[in-house]
Amino acid sequence: MTSHTTNLINFVFEIANKLRGPYRPPQYRKVMLPMTVLRRLDCVLAPTKEQVLKEYEKLQARGLEGDALHKVLARKASQGREHPLYNISPYTFEKLLADPENIATNLTSYINGFSESARVIFEAFGFESEIEKLDKANRLYLIVKEFADPRIDLHPDRVSNHDMGTVFEELVRKFNEQANEEAGDHFTPREVIRLMAHLLYTEDEEVYTPGIARTIYDPTAGTGGMLSVSEEYITEQNPQAHLALYGQEYNEESWAICRSDLLIKDEPVDNITFGDTLLPGTNENGDGHPEKTFHYMLANPPFGVEWKPQEDYVKKEHKELGFNGRFGPGLPRINDGATLFLLHMLSKMKPSPEQGGSEKGGEGSKIAIVFNGSPLFNGEPGPSESNIRRWIIENDWLDAIIALPDQLFYNTGIYTYIWLVSNRKPIDRKGKVQLIDGTRHYRKMKKSLGNKRNELGDEHIEALTRLYAGFTDGATCRVGGNDEPTERVCSKVFDNRDFGYLKVTVERPLRLNFQASAERIERLWQETAFVNLAKSKKRKNQAEMEAEVKAGEATHQRIMDILQSLDDQLYNDRAEFEPRLKAAFKDAGEKLPAPIKKAILNALSERDPEAAICRDSKGNPEPDTELRDTEIVPLPADIPLPLPIGYDKDADNSQLLDLVRDHCEDYLAQEVLPFIDDAWIDHDKTKVGYEIPINRHFYVYEPPRPLEEIEQDIQSLEGEILEMLKKVTA
């Protein structure tokens, strides 16, 4: 951030403090953001203002009015521009100040004098109501006067579009801080966006072809930082590239800033739509670019934020459309919907080079998206984050994941990760995933900004880009800066299948002893089937209900009598005890229905590792649910992908078992049976999961300090404490 940019931001905040009274600090943004945009537009239009007014007078004299007038004026006033931007009111900031008595009316007239694409911006800000409030509080003239100060000259010749974007984002960040915005709703630091751009466009020669046409999309556009930085990055190296920027934003304030940025740069503002990306395109304010596909996509979706408001729509699309919609493989947990945005972006990829589209196939797409750690490992095998990872990896779309340092973002200090996803991976990357440890690539900031205490320098961006471009397993880099720098492995390359695993259910046999003791017989009152014998299902006839309850109570007594007649011998085998139980009921002339028999056996039994195994009617051992366990088994090294199992919750795994049954049995024999010799695998319960344990792959063991050294430190601290106590008591 340049010193001029910093001075501008500080000056705007000085002005904001003059709102204290009618506004509380969290409300300053309602005035300061639209006023900053307005001042920027005022500076941009100043050189052609008089020409526009003269043309406007001529057109009026010819009798033109309404839409016809504006269409002609747009062509005349916007010479050299593709997208109209003009103002037909006679006012500028200086002229507004010349009539302080009517400043509110004149300012509203000034805003209404803008071309439609600019007026929409101020409607999104809801600025007209703020003008009225400021005027009533006798602050409007003061604020306009402050913004007319030469120190806040926002003309593009003095403040570049890049710097203006930085000003907007820093203002929004600071105002968010005052309003205590939640951590997941944060803005992406510019250096992180630059890193994403380097990674996304590196090794991509086509985008640097003169005259190439490419589309760039951000479904969570915010104030447009990712789109702007991408455009700058590409055009610096290929000025003749034709780039079309697309985005969507659901926060009106951010959407307005993004549109104003594009409008000033003479780019199509209608490509930035307002609405909720996760809602279907058929919905009002839903997906603003249905049916469109894009060459490049970048996003920093809110993580750790509930998608409850979109739940009904998302679940309906998942259920009814499946893989023909956006959310086919599964849905994340309700309190973190970040991966929904990745699924949305995947649905907007252009056909891959292996797919149709032309004789040589489609152009394909590349995606860069920022996540927290949750999408790496959250979700059990099945239609959850695990299936989302599986779908991406088995389709060979996951290219690389870069772990970033903590304390890099303004409103949260957690570790974050850039995922690179592409359906046009180079040949040498096919079937592979690269993991990069960038957690030590940073420098401490001289002054923290919120939770942001670390930043990426150009040297860190270059180093991480080199690691990605090098695509070398075991590549090392020097990390740690001036503080004991060390050589660390920072890049590892894996096969796609390395991230898959089998979750197998390991059973152990049920072993029970039985005894008809008074204590165990009393437990029968805790069994639902037994208790329900004396509950009536009648609801209308009181007499019948009472009769049914009475009959049940009589049955209760007969069963208790039979059980009390049994000897209280301890049986270690159900096969020996069960016939005696049946015989006792038969001798008493009492029926023994299956639910009651099960309730009695539950009450009279206790787990006993020395007892005989309980077996079913076919002689197979019954599993003990309390001893049931699961094992995570890596996929076989030679198994082909994609795996032959569906994505449904109860997907048929029979074809998968043909490939992995022996592999799982070998694992059981080596890892389980030496310790538990009666265990077995219930193969019908075997499921497939995927996770990406990036931190584990880069973990380096650091041995603890010697005990003698720790003891010396403790003694030293004790001595310091005693000296301090002496001073206190002296």
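This is a predicted model: local features need pLDDT of at least 70, side-chain atom pairs count only at pLDDT 80 or more; totals for chains, interfaces and linings use all residues.
**Helix packing**

Two packed helices are described by the angle between their axes and the distance between the axes. Let's start with helix α15, which covers residues 338-346, and helix α17, which covers residues 385-394. Their axes sit 11 Å apart and meet at an angle of about 30°. Angles under 35 degrees count as roughly parallel, and α15 and α17 are therefore roughly parallel to each other. If you look at how α15 and α17 cross, the crossing is left-handed.

The other pair is α22 (residues 574-587) with α23 (residues 594-604), packed at an angle of about 125° with axes 12 Å apart. That angle makes α22 oblique to α23. Here the crossing of α22 past α23 is right-handed.

**Salt bridges**

Side chains of opposite charge can pair when their charged atoms come close. In this model, the count comes to 46 salt bridges.

| Salt bridge | Closest N and O atoms |
|---|---|
| Lys-315 with Glu-311 | 2.7 Å |
| Glu-626 with Arg-607 | 3.4 Å |
| Arg-523 with Glu-519 | 4.0 Å |

Take the Lys-315 and Glu-311 pair. Both residues belong to helix α14, and they are four residues apart, or about one turn of the helix.

Now for Arg-523 and Glu-519, whose closest N and O atoms are 4.0 Å apart. Arg-523 has a relative accessible area of 22%, so Arg-523 is partly exposed. Glu-519, at 59%, is exposed.

Then there is the salt bridge between Glu-626 and Arg-607, at 3.4 Å. Glu-626 is in the loop between β16 (605-607) and β17 (629-634), while Arg-607 is in strand β16, so this pair ties together parts that are 19 residues apart in sequence.

Most residues other than glycine have a negative phi, and most peptide bonds are trans. Which residues go against that in this model? Asp-266 has a positive phi of about 65° although it is not a glycine. You'll find Asp-266 in the loop between α13 (252-264) and β3 (272-274). With a relative accessible area of 18%, Asp-266 is buried.

Phe-471 is another non-glycine residue with a positive phi, about 50° this time. Phe-471 is in the loop that runs between α18 (458-470) and β11 (476-479). Phe-471 counts as buried because its relative accessibility is 15%.

For the peptide bond side of things, look at Leu-641 and Pro-642, which are joined by a cis peptide bond with omega about 0°. Pro-642 belongs to the loop between β17 and α24 (654-671).

**Out at the surface**

Which residues make the nonpolar surface patch of about 280 Å²? Leu-707, Ile-710 and Ile-714 do. Ile-714 is part of helix α26, which spans residues 707-729. Its relative accessibility is 44%, so Ile-714 counts as partly exposed.

Phe-323 lies in the loop between α14 (311-321) and α15. With a relative accessible area of 44%, Phe-323 is partly exposed. How far apart are the C-alpha atoms of Phe-323 and Ala-16? These two residues are 307 residues apart along the chain, and their C-alpha atoms are separated by 50 Å.

Notes:
Residues are numbered from 1 along each chain as its sequence is written. Side-chain values use heavy atoms; hydrogens and water are left out. Patches are made of residues with over 30% relative accessible area and no salt bridge: like charges are joined within 9 Å, nonpolar side chains (Val, Leu, Ile, Met, Phe, Trp, Tyr) within 5 Å. Accessible areas come from the Shrake-Rupley method with a 1.4 Å probe; for residues, only the protein chains shown count as cover. A salt bridge is a side-chain nitrogen of Lys or Arg within 4 Å of a carboxyl oxygen of Asp or Glu. Helices (H or I, at least four residues) and strands (E, at least two) are DSSP runs, numbered from the N terminus. Buried means under 20% relative accessible area, exposed over 50%, partly exposed in between (1.4 Å probe, protein chains only). Axes are lines fitted to C-alpha atoms, for helices over the stretch in contact, and angles run from 0 to 180 degrees between N-to-C directions. Angles under 35 degrees count as roughly parallel, over 145 as roughly antiparallel, 65 to 115 as roughly perpendicular and the rest as oblique. A crossing is left-handed if the near helix is turned anticlockwise from the far one by less than a right angle, and right-handed if clockwise.
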